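Hello,

Here is the structure I said I would pass on. My notes on it follow below.

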Amino acid sequence: MLSLKVVVGDKTGVLQCLTIRDEEPVIQFKTLPGKPITAVQLTSTNGTQPDKIFAASGNEVKGYTKKGKVFFSIETALSEPVTSILYVSRCVFGGDLILCSGRTITFYRDSKEHQSYVCKDRVLDMAAFITPNNAKVRLLLLIAHKGAGILENGHLVAHIAISSGPSRLATPPVAQVAEIKCFYGAADGSVGIITYEETTLSNNCLVEGRGLGSVVCLGWFYSNANLHLAVGRNDGSVQLYLIDVENLHLKPRLKFTYFSGEPVTSVVGGCVGTDEGELLVATFSGRIFALRSKFLIAGSVTKASHENLAARRSKLEIEIVRLEKQTANEREKYQRNSRSLQAGLSTPPLLDIEHKMSGATREGWQEVDITLAVPLDMLFIYCSKKLKLLTDSAAVLSVCSSQDSASDLLATVRCQAGTRRIWLRLRVASTNSTVLESTRVLIYALPTGAPRVARLLSIKLPALPYYSQHEEFDENNDHSIKSWCQLHVTGGFSVAEMTFWLSDILPGDLPRPASNVAFLRVHSLLGTKLYCQYQRGSAVFKSNNISTVSSVRSIISNCSIDKRIRVEISCDIPDDCCLKSFKLIENIISIAYEKKNQVTLAKALDLLELDTKAINAEKPVLCKEYYTVLKNSESEILQSNFDELIEIVVQWYLDWRSLSVNGNNTVDQSNKLCALLKDYKLDDVTKVLSELTEFNHTCE
């Protein structure tokens, strides 16, 4: 945002500078359409107000003055679009232009490439800091699935793993030049701060996610001489947090929340329509609006004359008439072409739609967020397997009754008027805890406007949806990995093919193919881990969950058969793997059992239909424990996954028997384990697993 001006870049490649006069937008300059603009950065060459504009379209970057004149243009050799631009002005060497494209960070000096650095994974955002002597530039990078890192002189000098998945950075305008302190917003909705002091990089979470939408953008806003952090989220909410400039590590205080109804793409504070501060917000569909305080809104309404209001109303009426005429002409043109006898195809415009799918939560649900630029009417959902389905409260879900006994799913979701964003929660309804293939779900999105053309979304539910959490891992320093189950795969596959096979197994984005790929995933319910390391012709998978190894083994075998690639698969299964895994989740089973009892008790108390007065009386009719359970059931939905945990432990034993040498008498032992787990006899379960381990070791 320039002084009293706004710069906007859109998907059509148009860059325009706007100002507000008499509450009406006025275009200062506007470029011609071209490639989609992927990044816009305002910079200052004199150290005060921003006076230069940099915009990236594909692999090309141009610089504009405030009047729209091009003073800088460069076409890079980057293979991917530029996603971030930084311009660092230094007293000694002038200015550096820093571009981010995929995994590559490139420095340009005097329009020539100075140096570049390739990260292990995609760079999500970056921030630049200058050393005290203005001799070096340090970059704070957010790397997908890897956390944050400090880049200096083309080398990564520090790194830290952040499990929340930070995606956006915002440098405090009050920070000192030599300090590296930066706020971040994460995919789980949390907000924190990253600090680099004395070669040590650290982070501190300041605001927990707690079900909030993922952070899409961050900005700064001044109000009443106070600094606020503006947070724009994927669920359409805009939040203002008051920042203590004396101590940036203190927890910010939430001051304001606004819901726009669609994902927010940009937030920034400044002065456009008035001399006071405003918060400008841009949304997914292209709306741009400003948020002001109540005092400013009341003042602007009283100052506006009746003549200005009448003139503004007449302009709106003329604009509505023009749009109605244009819509009628386009509709008539489409109908005329559809009735034409000449050979040809009718191609309505493709709906502008985006969707994001998250990994499974502790309850096993995978959430899909669907956002359209136009109002949504209905969704048609089809899957060849049985699915459990939940949707937003602003929609009506109906499953076709004829499909109840079949093995597939056909459902419709009817949305309320004006709905542009909706979420779906999906879960495979499988009786077996081990799923041997991914599940494909087809979603047809139908808008309310004409022509009635649906957009098809194809969503893949991976076989192991719980492995959605990323974690930094050092195989050399972690000695517990030696006792994990191991799977070795060799054959004529490439790194890209192995990455494609793993996309059927694991949720989320996988690391980009490289000469050697290694990463670690964590089970969101059990806490078990899966370590993957592969290169061309060789792959190793290690996990302390034997069912995970069994699923990976089966899926890779099926994928290699489909591709007609010969592979050799071998397993190394410790005798005590089930016992160690059971001890790892023993506390989780205890908590689930207690919650199951609370659910049963809450259902029984609901059947009593107690009066509110009887519950809140001075002499309550319920004991303290029952009263607490009843209150918890009213405030939140109590759910227990105790039965699912029983299936998981029994499946561990079955997979252990199938992968071990001695696989006899599995039915009786599995039934015995299931009965002991249902009766919550954990000591007996531990004893049985120990005896089985010793017996198998003796047989060998």
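Two strands count as paired if DSSP finds at least two bridges between them. The model is a predicted one, and what follows should be read that way.

The sheet E24-E25-E26

Three strands, in the order E24-E25-E26, make up an open sheet with antiparallel pairing. Its edges are strand E24 (264–270) and strand E26 (288–291), each of which pairs on one side only. From one strand to the next, the twist averages 20°. Strand E25 (residues 278–283) is joined to E26 by 4 bridges in the antiparallel sense. Within that pairing, Leu-280 has Ala-290 of E26 as its bridge partner.

Strand E37 and its partners

Strand E37 (residues 485–491) pairs with strand E40 (residues 538–543) over 6 bridges, in the antiparallel sense. E37 also pairs with strand E41 (residues 567–572), again antiparallel and over 6 bridges. Gln-486 can be followed in both directions: opposite this residue stand Lys-542 in E40 and Asp-572 in E41.

Thr-528

Thr-528 lies in the loop between strand E38 (516–522) and strand E39 (529–535). Is this residue buried or exposed? Thr-528 has a relative accessible area of 0%, so it is buried, the cut-off for that being under 20%. The side chains of Thr-528 and Tyr-467 are joined by a polar contact of 3.2 Å. Leaving aside residues up to four places away in sequence, Thr-528 touches Tyr-467, Arg-521, Val-522, His-523, Asn-544, Asn-545 and Leu-584.

Regards

Notes. Residues are numbered from 1 along each chain as its sequence is written. This is a predicted model: local features need pLDDT of at least 70, side-chain atom pairs count only at pLDDT 80 or more; totals for chains, interfaces and linings use all residues. Side-chain values use heavy atoms; hydrogens and water are left out. Helices (H or I, at least four residues) and strands (E, at least two) are DSSP runs, numbered from the N terminus. Axes are lines fitted to C-alpha atoms, for helices over the stretch in contact, and angles run from 0 to 180 degrees between N-to-C directions. Buried means under 20% relative accessible area, exposed over 50%, partly exposed in between (1.4 Å probe, protein chains only). A polar contact is a pair of N or O atoms within 3.5 Å; within protein, one must be able to donate a hydrogen and the other to accept it, and residues adjacent in sequence count only if both atoms are side-chain atoms. Contact means heavy atoms within 4.5 Å.
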